[in-house]
Amino acid sequence: MIVGIDLGTTNSLVAVMTDEKPELIANSLGDTLTRSVVGFDESGQVLVGRAAQEFQVLHPERCASQFKRYMGTDWACELAGKKYSAVELSACVLKSLKADAEAFLKQPVERAVITVPAYFNDRQRKDTIRAGELAGLKVERILNEPTAAAIAYGLHEGGSEKTIAVFDLGGGTFDVSIVELFEGAIEVRASSGECFLGGEDFTRALASRVLETRGAQFEHAEQKTPLLVSRLLQQCERLKRQLTREDSGAVRVPNEQGELTDDSPSVTVTREQFKAWTQHILARTSPPVQRGLGDARLKRSDIDEVILVGGATRMPMVVDYVQELFGQQARCRINPDEVVALGAAVQAGLFARNKSLDDVVVTDVCPFTLGVEISKQLGQDYRSGYFMPIINRNTTIPVSRVERLSTLAPNQSEVKIRVFQGEARRIEDNLQLGEFTVRGIPAGPAGQEVDLRFTYDLNGVLEAEATIVKTGKKASLVITTHARHLSDSDLKAAVANMASLKIHPRDEAVNQFVLRRAERLYKELPLDLRDRLDGLLSGFEGALASQDQTVIAPHREELEMFLSAFDRDHADDARWDGGDASDEADE
Ligand code: AMP
């Protein structure tokens, strides 16, 4: 069985293609959204999802979130005395989704299609494949998120013929894709975006301004009082969602220990203020939109429909801005949180040759330019450091292109090939993906020829191969020379490390979530309520120790009733009702 997975910055989802249509799979809490948060509890066991999110409030030093932002980098964080990379943390989330899918399908799940932002580079894509491997999943395809959304829409809309723009603002990344739909074909014409732009930037900007009103500086507070910042960010996340529905809202600023008490100062923020504070973030979506339209050789009036994807597109200011950018109202007929996972499931169904998808064809593009460093002759001299594109951005994939290079000096026996991604003329402004050396060039005058072939596959993974024209000798590079590249033995060690992690069994997830939520709330309650909660918590802990579900369940239910009465943090979770983006924003 192949599943489709949306591995998101904030939330992750898993879905599967049933006979007729894609279907989302709920986790053990009954939610289709699993928070992309990982924590290590007091006993060193791994918590994933909402339990980890609750645990993070009191123990930010034992939990990690938003690690998708660090895929493709050397970032690592120390949790409970051990270092974890973004790949390993992502693998924990994937493992949890895999377990949910297995429980739902009642069979092992070993293959997956995983989505990534279209603008993810080669390293970030490889890290995603590696995270899948660590979680015990063979990654059949890395699929671009906006393409996945277009696939879900393509299927939803039947055979209608139109050009759509997918505006995808998630938790941490922004993509825009221009896609043509016709007769079962879903053809991406152009993709563009920014890797570090998403809903979390709005939350941080809000938290920063709220702190400013209290005379404090966000970066400084982050260093000095992480508990305060962790709790404030959680409060601001809630306020941000509230401002999606209401004209104003208030946030309480926790104390340095991250506690909210009756004396915690409250700061009121209006929707207008929030908009003014974050205009500069929103404006960063405009250049990628213009570039995408330009690359597709289309004007905005050629776009028949604009589709919103990603949780951050719920904000009314985003809806308005998209309308300004495209000159038309955006639509979101499919839940923007779910559409990517649904598309991934359809792609998984294409792999599994699902009968209902016989006529569906999907083509995608490479969203950035790939090339090598060359030297240019300037007067008498050669100057290095220039970028020569080999595959131009928005070329349909898979693609293979050859360029001929020549040696600069007589009897030059080797050439170093440095591979870059980016749009800048000079290499220092682009991203280096790797390098390799072609050796054994026959002696002779300058101008010995070397053919360089770039192959960019359907996963967005690049391979480069050089051939010495005179001898036919080849040298090649699957772009893996990044400093952090794992050798086979490193990979084995990482797999062993992963296997040694003790993950809470799936059927314990609800208990863990309720326990962590109650512990978090305990710190915030007035004393009389605290005592009541303490009693309930002790009863629940005792029941957990008995390991008897018939004893645990009634204690848990009693505790949950108390939590729903007194915990304000979960009262505001947004619901999606479908329809025009404006309807949703106005509700
Ligand atoms: P995604 O990565 O697509 O799950 O998007 C998650 C982002 O959407 C996070 O930054 C959330 O804060 C944001 N988000 C989700 N719901 C809302 C809402 N109702 N209002 C504002 N932002 C939201």
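How many aromatic pairs does the structure hold? There are five aromatic pairs. Rings of Phe, Tyr and Trp (its six-membered ring) pair if their centres lie within 6.5 Å. Planes under 30 degrees apart count as stacked, over 60 as edge-to-face and the rest as tilted.

A word on the model before you go on. This is a predicted model, where local features need pLDDT of at least 70, side-chain atom pairs count only at pLDDT 80 or more, and totals for chains, interfaces and linings use all residues. Residues are numbered from 1 along each chain as its sequence is written, and side-chain values use heavy atoms, with hydrogens and water left out.

**Stop 1: a stacked pair.** Select Phe-40 and Tyr-84. Their rings are stacked, 4.6 Å centre to centre, with 20 degrees between the planes. Phe-40 sits in strand β5 (residues 37–40) and Tyr-84 in strand β9 (residues 82–85), 44 residues apart. Strands are DSSP runs (E, at least two residues), as are helices (H or I, at least four), numbered from the N terminus. Both Phe-40 and Tyr-84 are buried. Buried means under 20% relative accessible area, exposed over 50%, and partly exposed in between (1.4 Å probe, protein chains only).

**Stop 2: salt bridges.** The whole structure has 33 salt bridges. Each is a side-chain nitrogen of Lys or Arg within 4 Å of a carboxyl oxygen of Asp or Glu.

- Select Glu-140 and Arg-111: their side chains meet at 2.6 Å, N to O. Glu-140 is in strand β11 (residues 138–144) and Arg-111 in strand β10 (residues 111–116). Glu-140 is buried at 14%, while Arg-111 is partly exposed at 34%.
- Select Asp-295 and Arg-393: the closest N and O atoms are 2.3 Å apart. Asp-295 belongs to helix α9 (residues 286–295), and Arg-393 to the loop between β20 (381–391) and β21 (395–397), 98 residues apart.
- Select Arg-333 and Glu-305: this salt bridge has its closest N and O atoms 2.8 Å apart. Arg-333 lies in the loop between α10 (316–326) and α11 (339–351) and Glu-305 in strand β17 (residues 305–309), so the pair ties together parts 28 residues apart in sequence. Glu-305 is buried at 9%.

**Stop 3: a network.** Select Asp-41, Glu-42, Arg-516 and Glu-519. Salt bridges link these four in a network.

**Stop 4: Glu-541.** Find Glu-541 in helix α14 (residues 527–546). What is the relative accessible area of Glu-541? Glu-541 has 39%, so this residue is partly exposed.
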